[in-house]
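Please read this briefing alongside the sequence and the structure shown below.

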Amino acid sequence: MNIAFFSTQKYEQPFFERSFSKHPQIEVCYFEQALNEQTALLAKGFDAVCVFVNDTVNAVVIEQLAELGVGTILLRCAGFNNVDLVAAKAHNIKVLRVPAYSPEAVAEHCVALMLTLSRKTHKAYNRVREDNFDLNGLLGFNLHGKTVGIIGCGKIGLALCKILNGFGAHILVCDPYATPDDYTITDLDSLLTQSDIISLHCPLNEHTHHLINDDAFNKMKPGVMLINTSRGALLNSKACINALKTKKLGYLGLDVYEQESELFFKNHSDEINQDDIFSRLVSFKNVLVTGHQGFFTQEALTEIANTTLQNAQEINQGKQLTNEVL
Ligand code: NAI
């Protein structure tokens, strides 16, 4: 079996090489390019493509892959909103993913965003380097005793609940499939009206697209903190800007962004940013954006490489597929 890796980054290659080099029956070729209509031809002669969150795997690309004889799409991530599953099924192309590489990695990053925004450690770091020890403007708030609303309580949401329990936060969960364990399950409207902090952990699909819009902001407490480490399009970015301007939204932490495929995972520091919405968002002092790095820990990369290898081997050996996306 030979696999064309798209959107490969230098930092992940050693993890894949460590896993795949022990299995000579699987050959790998790394391309820096993202998979899309223009680059799909690179997959010529390969049995499988391996893609990440911002590769385009729509119906057109899938048709191109099918014509080239590619039979498998290996997602090296959990989310699969960028893959047209109907088209893949129609062309009998298998789609496999890495469902849980390290929910704790994303949950911990989420808490890092919460704490940075509330305690302003990013500002303190810069001040102290300038010998400025003035505390004005650095006043924070405790997570202890706050109500945190978690929308989507699967693997990452649950990992976050466990961490926040340690902080003594009161947790509200909205998830149509959650079981009432230790957490209070509630409906979306109650969560929006009662939470001091809201964190998004549901998948992006037709039901959750722009879940957080003007209407949702209207229901929230003034000065609420919103964290999105899930998928950018769960939030309507323009509604966020309005809510920031009116101070309804007091803090915004993003690890994902609706139009991130144009920006993230690359160095654009020598270019003029053409995305006016992104530029406006980062201009607010109470907004913190990281470039989709919630997953980015050694433990998670090791697990991603191992599970991707396992997925490839199951395809190669005609075994039952553990991580097929249905
Ligand atoms: P999961 O599948 O374990 O959990 C998702 C949960 O959302 C499920 O319990 C499901 O019932 C719930 N859900 C579905 N629709 C909902 C709705 N309308 N309202 C409320 N809840 C709903 O997924 P996991 O592993 O926890 O990942 C969550 C998301 O995090 C992924 O979809 C992915 O987009 C994102 N992610 C981000 C990463 C990053 O680096 N920032 C890394 C990995 C995942």
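**Overall architecture**

In this predicted model, the protein is built from 11 helices and 12 strands. Its radius of gyration is 21 Å, close to the 20 Å that the globule rule gives for 326 residues, so the protein is as compact as a globular protein of that length.

**Dimensions and packing**

- Of the 326 residues in the protein, 48% are buried.
- When contacts between residues at least 6 apart in sequence are considered, 67% of them join residues at least 24 apart.

**Surface and charge**

- The protein exposes about 16200 Å², and carbon and sulfur atoms supply 51% of that area.

**Helix H11 and its surroundings**

- Helix H11, which covers residues 298-316, has 19 residues and reaches 27 Å from its first C-alpha to its last, close to the 27 Å expected at 1.5 Å a residue.
- The buried residues of H11 include Ala-300, Leu-301, Ile-304, Ala-305, Thr-308, Leu-309 and Ala-312, and among them are also Asn-311, Gln-313 and Glu-314.
- These buried residues of H11 pack against the strands E1 (2-5), E3 (48-51), E4 (72-75) and E5 (94-96), and also against the helices H1 (13-20) and H4 (103-119).
- Just after H11, Gly-318 takes a positive phi of about 65°.

Conventions:
Residues are numbered from 1 along each chain as its sequence is written. This is a predicted model: local features need pLDDT of at least 70, side-chain atom pairs count only at pLDDT 80 or more; totals for chains, interfaces and linings use all residues. Side-chain values use heavy atoms; hydrogens and water are left out. Helices (H or I, at least four residues) and strands (E, at least two) are DSSP runs, numbered from the N terminus. The radius of gyration is taken over C-alpha atoms; the globule rule is 2.2 Å times the number of residues to the power 0.38. Buried means under 20% relative accessible area, exposed over 50%, partly exposed in between (1.4 Å probe, protein chains only). Contact means heavy atoms within 4.5 Å. Accessible areas come from the Shrake-Rupley method with a 1.4 Å probe; for residues, only the protein chains shown count as cover. The expected span of a helix is 1.5 Å times one less than its number of residues.
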